[in-house]
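Me: Hey, can we go through this structure together? I'd like to start with the strands and then look at charges.

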Amino acid sequence: MGKEGRVFLRGMSSEQYGLKEFRQAQLSAPRVRNDEFVVDDASIGHSGDSKDSRTWWRIGPGDEPFLTQNLQIHFVEIPPGKSNHGHGHQNEAVFYILQGSGYEIHDDKRYDWEQGDIVVVHTDSVHRHFNDGAETAKALVMKAKSTWMYFGLIQQGRSGPIDREHEFGRREDWSQIWTDGVEDKVKVVKPSETLWETTRDGRVRVLASKDTPNVRVFSVDVYEQEIPAGSRSGKHWHMADEVAYVISGSGESLQWEVEAEIAERYYARVATEPTTWEFKTDDTVYVPQNHVHQYVNTGDEPLRLLVAQNRLIKYLGYDTVVNLEDAPEFAGAKTAVGAAG
C-alpha cells in the first residue's frame with residue numbers, strides 16, 4: 001500500500017449530525033495487520049531516517065483502510081555500528097526495544113538501551129539513536145501524535161537554522177514551559193525496574209501508566225501481558241481503543257461491539273456474539289473504541305503481548321475498566337489464598 005503524501009491528522013465529516021457511517025466504516029476494516037501493510041517512504045514520512053536506518057509504518061491516520069489516529073505504530077531498524085539521522089518533534093514517543101542494544105543522544109545527553117527496555121522520547125525533544133551492538137537493533141514505536149496535531153502543536157523537523165532568523169531574538173531555554181520536575185523522571189525503563197503481577201486481566205507487567213508517575217510519559221499507557229498455553233485474558237470493557245503487538249505466540253482476539261442506545265439517557269448494548277480475529281507473532285491487533293474484548297492463547301507456547309492505549313482518553317472521563325470475566329490465573333490465585341486462609 002502506498003501514499004502520495006503524508007496525513008498528519010484525519011478529518012471527520014458527515015452530511016448529517018451523527019457519525020454512524022464513519023464508525024461503521026472504521027469497524028469494517030481488518031483489525032490484524034502484518035508487514036503486508038507497510039508504508040515505507042523515507043522521502044515523505046520519516047525525517048529521522050538516515051541512509052542506513054529503516055522505518056516502516058503499521059498504523060497511522062493516513063491508512064486506508066482506516067483504523068485509528070489515537071495511536072500510531074511504526075518500527076525502526078538500525079544495523080550494527082550505524083545510526084538514524086535524528087530529529088525533533090513536539091509529541092511524545094515510546095520505543096520498545098525488540099532486539100539489539102545501543103544508545104540515543106537525547107537533548108545532547110546519552111541514554112543507553114537494550115532489548116526489553118522502553119525508551120521515552122518526551123515532548124519537544126531532539127533525539128538520535130545509535131546501534132553499538134553486534135546485531136541489528138529493532139524498536140516498536142508507539143505514540144499519540146495526532147493528539148498534538150489536533151491541538152496545533154506541529155513544530156517539528158531536522159536540526160537546522162530557523163526561517164526568518166533575523167526576525168527573532170536570541171535562544172531561550174524551551175524547557176522553561178514544561179511541567180515542573182519532568183526532567184527528573186525516568187527516560188529508560190528496564191525490565192528489572194518493573195513487576196509482573198497477577199491481575200483480573202491475567203499476568204501483566206506495567207511499563208508506563210498514570211500509576212507510574214516516575215516515568216516520563218504523559219500520553220501513552222503500555223504494558224506487557226503473558227497468557228499461558230490454553231488460557232485467556234480477562235474479558236473487559238473500556239472506552240479507549242488499543243493496539244496489541246504480538247511479541248511471540250499465536251491466538252485470537254474476541255471483540256464484542258458496544259452500541260449506544262440513546263433514550264432518556266445513554267444505554268450500552270453489547271453484541272451477543274463477538275467478532276474473532278486470529279493473530280500470530282509480529283502481528284498487531286487493533287481493538288476499536290468502546291468494545292468488550294478478550295485475548296485467547298490458541299498455541300502451544302506462552303502468548304506474549306505488548307499493549308498500548310492513548311492515556312488521554314482516560315482524562316476525558318473514561319478512567320474505568322469494567323471486568324466481566326476474570327483470567328483463570330487470577331481466579332486460581334484467589335482460590336489458593338482462600339484455601340490457605
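Me: Which residue in β7 stands opposite histidine 106?
Reply: Lysine 109 stands opposite histidine 106. Before going on: this is a predicted model, where local features need pLDDT of at least 70, side-chain atom pairs count only at pLDDT 80 or more, and totals for chains, interfaces and linings use all residues. Residues are numbered from 1 along each chain as its sequence is written, and side-chain values use heavy atoms, with hydrogens and water left out.

Me: OK. How many bridges join β6 to β7?
Reply: Six, between β6 (residues 101–106) and β7 (residues 109–114), and the two run antiparallel. Strands here are DSSP runs of E with at least two residues, helices are runs of H or I with at least four, and both are numbered from the N terminus. Two strands pair if DSSP finds at least two bridges between them.

Me: What does aspartate 107 do in that hairpin?
Reply: Aspartate 107 takes a positive phi near 50 degrees, in a hairpin with two residues between the strands.

Me: What's the strand order in the open sheet?
Reply: Seven strands, β1-β20-β16-β22-β14-β13-β12, with antiparallel pairing. The edge strands are β1 (32–33) and β12 (196–199), each pairing on one side only. β12 and β13 pair over four bridges, and tryptophan 196 has arginine 205 in β13 as its bridge partner.

Me: Which side chain does arginine 205 meet in a salt bridge?
Reply: Glutamate 224, at 2.2 Å from N to O. A salt bridge here is a side-chain nitrogen of Lys or Arg within 4 Å of a carboxyl oxygen of Asp or Glu. Arginine 205 lies in β13 (residues 202–208) and glutamate 224 in β14 (residues 220–227), so the pair ties together parts that are 19 residues apart in sequence.

Me: Is arginine 205 buried or exposed?
Reply: Buried, with a relative accessible area of 4%. Glutamate 224 is buried too, at 2%. The cut-offs are under 20% relative accessible area for buried, over 50% for exposed, and partly exposed in between (1.4 Å probe, protein chains only).

Me: And what does aspartate 221 bridge to?
Reply: Arginine 311, at 2.5 Å from N to O. Aspartate 221 lies in β14 and arginine 311 in the loop between β22 (303–310) and β23 (322–325), so this pair ties together parts that are 90 residues apart in sequence. Both residues are buried.

Me: How far apart are the closest N and O atoms of arginine 110 and aspartate 112?
Reply: They are 2.9 Å apart, in a salt bridge. Arginine 110 is partly exposed at 46%, and aspartate 112 is partly exposed at 40%.

Me: How many salt bridges are there in the whole structure?
Reply: The search finds 23. Asp35, Arg58, Lys138 and Asp282 are linked in a network of them.

Me: Switching to the surface: which residues form the negative patch?
Reply: Asp107, Asp108, Asp173, Glu183 and Asp184. Patch residues have over 30% relative accessible area and no salt bridge; like charges are joined within 9 Å, and nonpolar side chains (Val, Leu, Ile, Met, Phe, Trp, Tyr) within 5 Å. Aspartate 184 sits in the loop between α3 (145–150) and β11 (188–189), and is exposed at 71%.

Me: Which residues make the nonpolar patch?
Reply: Phe8, Leu9, Tyr150, Phe151 and Leu153, covering about 530 Å². Tyrosine 150 is in helix α3 and is exposed at 63%.

Methods:
Areas by Shrake-Rupley, 256 points an atom, 1.4 Å probe, with all protein chains shown as cover. Lys, Arg positive; Asp, Glu negative; His and termini not counted. Charge placed at Lys NZ, Arg CZ, Asp CG, Glu CD.
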